[in-house]
Amino acid sequence: MPQGLSHIVLHACTADDFDSTLQFYTSLGFEKILSQEYTDGADERRIWLKLKAADHTLATDITLKLTLNGAAIPRPPHSADIDWSLEETGLVLTTSDIQQVKVKLETIGASYQSKDVGEHHKIFALDPLENLIIFTDKPAPAHLIDTSQHALNNGAELPKHARKIGVLTSGGDAPGMNAAVRAVVRYGLSKGCDVYAVYEGYQGLVDGGKCIRKMDWKSVRGWLSIGGTTIGTARCMPFKTREGRLQAAENLVKEGISSLIVCGGDGSLTGADVFRSEWGGLIDELKQNERITPEEADTYQHLTIVGLVGSIDNDMSSTDITIGAITSLHRICESVDSINTTALSHSRAFVIEVMGRHCGWLALMAGIATGADFVFIPERPPAGDDWETAMCEVAHRHREMGKRKTVIIVAEGAIDRSLNPIKAKHIKNILTDRLGLDTRVTTLGHTQRGGSPAAFDRILATTQGVEAVDAVLRSSPDTPSPLIGISSNKVTSGPLMKAVELTHEVAKAISEKNFARAMELRDPQFAEEYEAYNTSTILDDKSHLLPEHQRLRVAILHVGAPAGGMNAATRTAVRYALNRGHRPFGVYNGFPGLVRGSFEELTWISVDGWTSHGGSELGTNRAVPGKDVDMGMVAYQIQQHKIQAVILIGGFEAFSSLMKLEEAREKYPSLCIPVCHIPATVSNNVPGTDYSLGSDTSLNAIVESCDSIVQSARSSRRRVFVVEVQGGKSGYLAVEAGLASGANTIYIPEEGISLSRLQSDVKHLMALYMDDAADRSEGRIILRTEGVSETYTTDVISNILKDEGHHLFDSRTAVLGHIQQGGTPSPMDRIRATRLAMRAMQFMEKHTSEALNTAFEQKRDEPTPIELTKSKDSIAVVGISGVDVIYSSVQDLLPKTDLKNRKPRGAWWYEHRPLVDMLSGRGLFTKQQQH
Ligand code: ADP
């Protein structure tokens with residue numbers, strides 16, 4: 001064991017995994033040294049195993065602790081197609097007989113890959129928990145190593161100049177650029193690279209000198225929360241000329257930098273690609289002119305470029321979302337929400353112009369999130385030539401329904417079918433002249449670029465910044481420059497130039513009036529969201545009405561704790577229902593309200609403005625039918641009110657209700673109707689979805705609180721705050737908020753807390769504070785999920801830190817409690833709510849149409865049947881999976897759900913976990929201290 005490591009802990013999620021892992025290690029020669037197996041509770045199993053150095057060719061004994069931990073997240077399975085030697089960590093065991101290991105692994109049926117490195121042999125095997133075990137016959141101490149350095153370029157050490165990375169921000173500034181630079185700097189340093197910031201974008205590259213500065217760990221401290229770009233950006237004309245780029249190349253060679261990470265829009269990325277494609281010629285010219293030496297020309301033959309998309313417009317193809325767009329949407333929604341209140345007071349109309357150049361993403365999303373009456377975007381000009389009349393009809397219909405305000409959102413690039421610009425002033429004149437509305441124009445302008453980045457942008461920029469460094473280290477002269485994007489919730493790396501070309505194609509398609517192609521080229525959700533907007537906001541002209549016999553009576557209820565987006569989802573479901581001729585009923589106070597018969601028919605105007613309302617307008621309750629309230633009464637009231645479809649909006653209690661309702665279908669025919677659950681909980685612990693409504697609002701609330709806490713500490717004291725966040729047995733909020741607020745570490749139920757972990761955290765904090773300037777105050781944050789440990793409470797941890805920190809730092813607690821539910825729902829939660837609610841209503845139609853049609857055709861005179869469907873698919877969660885909306889039936893979800901810990905098994909966000917500690921300097925920083 002290396003110093004400081006007493007044993008390695010392995011968590012098995014299921015008893016089967018536990019047993020097979022035990023068998024795996026014992027057959028490799030590990031011996032049981034202590035076992036705590038209780039027969040009464042299957043979840044209480046711990047076994048210590050030892051591999052003795054003396055019996056094997058090991059430098060030290062190795063001790064493993066294997067636990068059965070239902071809350072642990074299983075590792076994703078390794079694909080046999082990828083090279084396991086590229087894994088970041090593994091347990092290295094030395095052996096004198098690699099052949100015998102192979103035989104053993106084959107006997108027990110374990111998967112392995114073998115590799116020969118010079119005269120030595122290595123075997124990469126997986127234990128049943130998907131941990132990597134590396135057997136090597138190269139004599140070396142056995143220990144848990146970080147193989148990542150060796151993983152670069154398949155083990156070849158990169159030359160020194162290849163590990164000098166420049167990073168610059170260019171084009172229009174975007175919130176989150178700082179987070180990207182911070183991640184590049186810190187992750188780059190942790191990978192053994194030297195990172196240089198190029199100040200003032202390409203201008204800094206051309207000017208060189210003081211504009212190119214070496215960064216250290218501390219240079220980027222606190223940057224996560226700062227909007228814009230601290231290293232500056234500029235529009236640079238000289239870089240558009242070859243002479244300018246020649247100068248830039250000379251400066252890079254002189255600084256010894258041969259890799260460049262560029263964060264900017266399509267212009268900046270085009271520039272980057274031009275630079276790379278010319279590089280060989282530039283180097284030759286510099287050599288010929290003796291501006292660089294032949295040796296330098298030899299060393300710097302290749303330039304590596306990696307692109308990150310920083311743009312508030314979200315106009316780049318090949319990525320679902322760009323860094324900065326979500327924050328910009330936050331600013332727009334804050335402004336429109338404020339305008340809504342004054343518009344309402346004076347019964348005014350407002351025309352609001354938003355940014356976006358040729359892209360209507362900001363305008364459309366703002367329209368959805370604020371419930372604007374009409375939206376104009378470049379990709380989908382209004383149908384017909386007389387859009388003025390169409391718009392006036394919609395505004396008039398809304399006024400007729402009782403609306404006191406009219407809000408129209410126009411993208412700055414909005415056009416009509418003949419490509420004539422649609423301008424805010426013109427719309428104003430139309431509304432004033434034709435409808436007699438007191439109309440004002442507001443151009444939001446540069447407020448849209450500003451402010452502290454939203455949690456989403458901080459996380460996006462951080463994970464993409466990390467990937468950009470990896471892309472640099474993976475690159476070879478033959479690979480095209482990569483663009484780091486995000487697709488279906490996963491960070492991606494694709495050819496930069498193709499993305500830029502596709503982006504330009506949108507403008508081309510629009511100029512050719514090929515609007516269908518323009519819509520297609522946008523991110524996959526764009527068209528669906530456009531439809532959701534139309535069906536939920538614009539009162540229809542009755543063209544979408546269903547035949548009378550297909551119209552449903554739909555009940556909507558909120559279950560569990562309040563979460564941002566519950567009201568927005570209800571509003572969309574109601575509006576969609578009305579557009580189709582259904583009758584929506586709100587049920588007050590969840591299932592207890594339902595059994596009391598607390599139903600109210602909801603109208604178009606009764607849900608107006610709900611998109612921006614936090615909490616739950618209907619009132620929510622944790623009671624689960626069949627457990628806390630009588631199922632018979634639920635069935636009775638559903639039958640009494642002739643309800644034919646139920647939408648549950650809520651968290652894990654809503655999922656539990658869904659299970660109970662399915663069970664009860666056998667007994668009660670009135671429950672044989674479609675039931676759809678829209679996940680809404682800050683903990684994001686509902687199976688069947690990547691995101692629950694409310695989780696984004698909550699993340700933003702936590703991150704804002706953490707920013708304030710750090711600011712307070714920084715102004716007065718060296719202080720570590722232990723911040724307690726919600727989440728039950730799910731570490732989602734702690735992991736994502738940890739990444740977005742730059743927390744020092746996090747304690748989550750998936751890992752638990754131990755004394756040794758606390759000791760190492762204290763050591764790390766001491767190292768950090770010792771490195772701070774003597775007179776400097778500094779605040780640091782540790783996030784602790786409420787359900788992580790009964791022993792190590794927030795107070796206990798804080799007291800331990802206080803004592804152990806001695807004179808170096810003190811500690812305080814902050815329990816965020818209900819603040820985490822957030823005030824106003826975030827734009828993302830509002831948009832997700834709109835999308836999910838629309839799909840929930842479509843689900844109801846799909847699962848009732850057959851029964852209703854048959855009944856209609858067969859017995860026209862009889863009343864509609866009570867029982868509409870018993871299909872297992874008709875009782876489901878409607879959730880987000882990557883870019884798609886999916887329905888998962890209760891039956892499908894049960895095997896994927898950890899009912900005891902109330903959460904899904906496995907989670908996409910868990911892979912963010914190691915980044916929290918890594919970006920706070922764990923490991924690297926302590927190493928630097930020792931030198
Ligand atoms: P954005 O990156 O936000 O699209 P711009 O289009 O203004 O912003 O581009 C930013 C900078 O990128 C420009 O000022 C210029 O220095 C550089 N650039 C843009 N296009 C090119 C090009 N075709 N060749 C070289 N440099 C370019």
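**An annotated aspartate**

Reply: Asp313 is in contact (heavy atoms within 4.5 Å) with Gly356, Arg357, Cys359, Trp361 and Leu362, once its neighbours within four places in sequence are set aside. The model is predicted, and local features need pLDDT of at least 70, side-chain atom pairs count only at pLDDT 80 or more, while totals for chains, interfaces and linings use all residues. Residues are numbered from 1 along each chain as its sequence is written, and side-chain values use heavy atoms, with hydrogens and water left out.

Me: Which feature does UniProt place at Asp313, and where is Asp313 found?

Reply: An unreviewed UniProt entry places the feature "active site" at Asp313. UniProt positions follow the numbering used here, feature names are shortened, and annotations may be inferred rather than shown by experiment. Asp313 is found in the loop between β14 (304–309) and α9 (325–346). Helices (H or I, at least four residues) and strands (E, at least two) are DSSP runs numbered from the N terminus.

Me: Does Asp313 count as buried or exposed?

Reply: Buried means under 20% relative accessible area, exposed over 50%, and partly exposed in between, using a 1.4 Å probe and protein chains only. Asp313 has 5% relative accessibility, so this residue counts as buried.

Me: How many bridges join β14 to β19, and how many join β19 to β20?

Reply: Two strands pair if DSSP finds at least two bridges between them. β14 and β19 run parallel and are joined by two bridges; Gly307 has Leu483 of β19 as its bridge partner. β19 and β20 run antiparallel, with six bridges, and Ile486 has Val491 of β20 as its partner. These two strands form a hairpin with two residues between them, and Ser488 in the turn has a positive phi of about 50°. Five of the six residues of β19 are buried.

Me: How many of the 13 residues of α16 are buried?

Reply: Ten of the 13 are buried, so α16 is largely enclosed by the rest of the structure. Among the buried residues are Phe526, Tyr530 and Tyr533. From first C-alpha to last, α16 (residues 525–537) reaches 18 Å, close to the 18 Å expected.

Me: How many aromatic pairs does a search of the whole structure find?

Reply: A pair of aromatic rings is described by the distance of the centres and the angle of the planes. Rings of Phe, Tyr and Trp (its six-membered ring) pair if their centres lie within 6.5 Å; planes under 30 degrees apart count as stacked, over 60 as edge-to-face and the rest as tilted. The search finds 14 such pairs. One of them, Phe275 with Trp279, is edge-to-face, at 5.5 Å centre to centre and 90° between the planes. The two residues are four apart in helix α7, which means that about one helical turn separates them. Phe275 is buried at 0% relative accessibility, and Trp279 is buried at 1%.

Me: Which ring does the charged end of Arg575 sit over?

Reply: A charge sits over a ring if NZ of Lys or CZ of Arg is within 6 Å of the ring centre and within 35 degrees of the ring normal. Arg575 sits over the ring of Trp604, 3.6 Å from its centre. Arg213 lies over the face of Tyr199, at 3.8 Å from the ring centre.

Me: What phi does Leu419 have, and what is the phi of Lys642?

Reply: Most residues other than glycine have a negative phi. Leu419 has a positive phi of about 70°; this residue lies in the loop between β17 (406–411) and α12 (424–435) and is partly exposed, at 27%. Lys642 has a positive phi near 55°, lies in the loop between α19 (631–640) and β25 (645–650), and counts as exposed at 58% relative accessibility.

Key
Expected span 1.5 Å × (residues − 1).
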